[in-house]
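Please look over the sequence and the structure below.

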Amino acid sequence: MKEISYLLFATALIFTCCESKALNRTAGLNPVDSAKISGPDLFKGAISEPLIPGIFTADPSVHVFEGKLFIYPSHDIDAGTTENDNGDHFAMKDYHVFSMDEVGGVVKDHGIALDVQDIPWAGRQLWAPDVAFRNGKYYLYFPLKDKNDIFRIGVAISDKPQGPFKAQPEPIKGSFSIDPAAFTDNDGSSYLYFGGIWGGQLQQWENGEFNAKGSKFEGPQDQPALAPKIAKLKPNMLQFAEVPKDIIILDENGKIIQGGDHDKRFFEAAWVHKYKDKYYFSYSTGDTHLICYATGSSPYGPFTYQGIILNPVVGWTTHHSIVEFKEKWYLFYHDTQLSNGKTHLRNVKVTELKYDNEGKIITIDPYSSK
Ligand code: FUB
């Protein structure tokens, strides 16, 4: 009898924890980390050190341009905004661009590449950006709330990978939500992947129009999870060439991943790369703090879930990019080492990424160093 009461108590505790984990975007640390460590031990065993010590940076999108690695991160600041589930504490106002000749080499800060003051349609919050190269120009895609507090995706153009970038007068027509990731296929077609739930507002666009009264979190837990989006870009890279389509993510049995499957369902931070002719769609699971991936044979998907790329980092968010450079593959990611665990003050890191013989990505534990 005693055992049964312990079991019931433990079950109740697990449910309580899961519920607060699922709804509490304000937690400075994820539950795994906050339970076991504090102070300087928080980052013990970190497999890599912050790449950019001077300012807080996050959400690194990385590309090889002109033979160098260019990093396009968010620029975190302490705006004094109270943390909430909407992500208002991520109150960023500009972007810096960084480059390096080698992994492990000097990281050059090219200064401010785009300032919110210079974006005609701006409201607030410059979140995770990405850059594409085409027609001899560089296109910076960025999520930003407009003057009605609705996230849209904007484009800014430069002749150089480091900017400065000049914003278009309006956001991309038909764009919404956050975290644009640009991917150009071997045939020269470019696509924009995007979307993010909770503060990223994807759940408020279910019927093609913004629903101000829609759920603050996500869709039903017992139905297919909300899908990230893809749209082909016009050759001028400034507009969508089609209405955004859903990206379908299937589980190992060919069933669409359900909303309640928080270890696998899409939350934000889409990224696509190609390895041995397969498309790898990777993303963050948000409240379960994983970077995982799914593979497919078309840029449109469907993609089948394959596993975890990166175990939880210290900090609520996790966001990454994957890039090949000089015959090695790298995972760029962030944690909160520089701020000792502050959710909204993050720092970019890099580590090597490896595949097994079947093309599966080997899971990385960010704190496994001896
Ligand atoms: O940096 C602000 C937001 O936090 C990003 O857009 C998300 O991906 C998350 O990292």
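Glutamate 102 is partly exposed, at 38% relative accessible area. The model is predicted. Glutamate 102 pairs with lysine 326 in a salt bridge, and their closest N and O atoms sit 2.8 Å apart. Glutamate 102 belongs to the loop between strand S3 (94-100) and strand S4 (108-115), and lysine 326 to the loop between strand S18 (321-325) and strand S19 (328-335), so the bridge ties together parts that are 224 residues apart in sequence.

Side chains of opposite charge can pair when their charged atoms come close. How many salt bridges does a search of the whole structure find? The search finds 16.

## A buried pair and other bridges

Lysine 349 forms a salt bridge with aspartate 335. The closest N and O atoms of this pair are 2.9 Å apart. Lysine 349 is in strand S20 (residues 347-353) and aspartate 335 is in strand S19, so the bridge ties together parts that are 14 residues apart in sequence. Are the two partners buried or exposed? Lysine 349 is buried, with a relative accessible area of 0%. Aspartate 335 is buried too, with 1%.

Lysine 245 bridges to glutamate 242, with 3.1 Å between the closest N and O atoms. Lysine 245 is partly exposed, at 36% relative accessible area. Salt bridges also link Asp88, Arg124, Lys145 and Asp149 into a network.

## The ligand site

Which residues surround the ligand? The shell consists of Asp59, Ser74, Met92, Trp127, Ala128, Asp179, Glu268, Thr317, His319, His334 and Arg346. By class, the shell residues divide into 3 nonpolar, 4 polar and 4 charged.

Several shell residues place polar atoms by ligand oxygens. Aspartate 59 has a polar side-chain atom 2.5 Å from an oxygen atom of the ligand. Histidine 319 has a polar side-chain atom 2.7 Å from a ligand oxygen atom. Alanine 128 uses its backbone instead: an N or O atom there lies 3.5 Å from an oxygen atom of the ligand. How much of the ligand's accessible area does the protein cover? On its own the ligand has 280 Å² of accessible area, and the protein covers 100% of it.

## Aspartate 146

Aspartate 146 sits in the loop between strand S6 (137-145) and strand S7 (151-158). Is this residue buried or exposed? Aspartate 146 is buried, because its relative accessible area is 11% and buried means under 20%.

The side chain of aspartate 146 has a polar atom 2.8 Å from the backbone nitrogen of asparagine 148. Which residues does aspartate 146 contact, leaving aside its neighbours within four places in sequence? They are Trp121, Gly123 and Arg152.

## Proline 220

Where is proline 220 found? Proline 220 is in the loop between strand S10 (190-194) and strand S11 (229-232). Its relative accessibility is 41%, so proline 220 counts as partly exposed.

Glycine 259 is 39 residues from proline 220 in sequence. In space, the two are 6.2 Å apart, C-alpha to C-alpha.

Methods. Residues are numbered from 1 along each chain as its sequence is written. This is a predicted model: local features need pLDDT of at least 70, side-chain atom pairs count only at pLDDT 80 or more; totals for chains, interfaces and linings use all residues. Side-chain values use heavy atoms; hydrogens and water are left out. A residue is near a molecule or strand if one of its heavy atoms lies within 4 Å of it. A polar contact is a pair of N or O atoms within 3.5 Å; within protein, one must be able to donate a hydrogen and the other to accept it, and residues adjacent in sequence count only if both atoms are side-chain atoms. Accessible areas come from the Shrake-Rupley method with a 1.4 Å probe; for residues, only the protein chains shown count as cover. Ala, Val, Leu, Ile, Met, Phe, Trp, Tyr, Cys and Pro count as nonpolar, Asp, Glu, Lys and Arg as charged, and the others, Gly among them, as polar. A salt bridge is a side-chain nitrogen of Lys or Arg within 4 Å of a carboxyl oxygen of Asp or Glu. Helices (H or I, at least four residues) and strands (E, at least two) are DSSP runs, numbered from the N terminus. Buried means under 20% relative accessible area, exposed over 50%, partly exposed in between (1.4 Å probe, protein chains only). Contact means heavy atoms within 4.5 Å.
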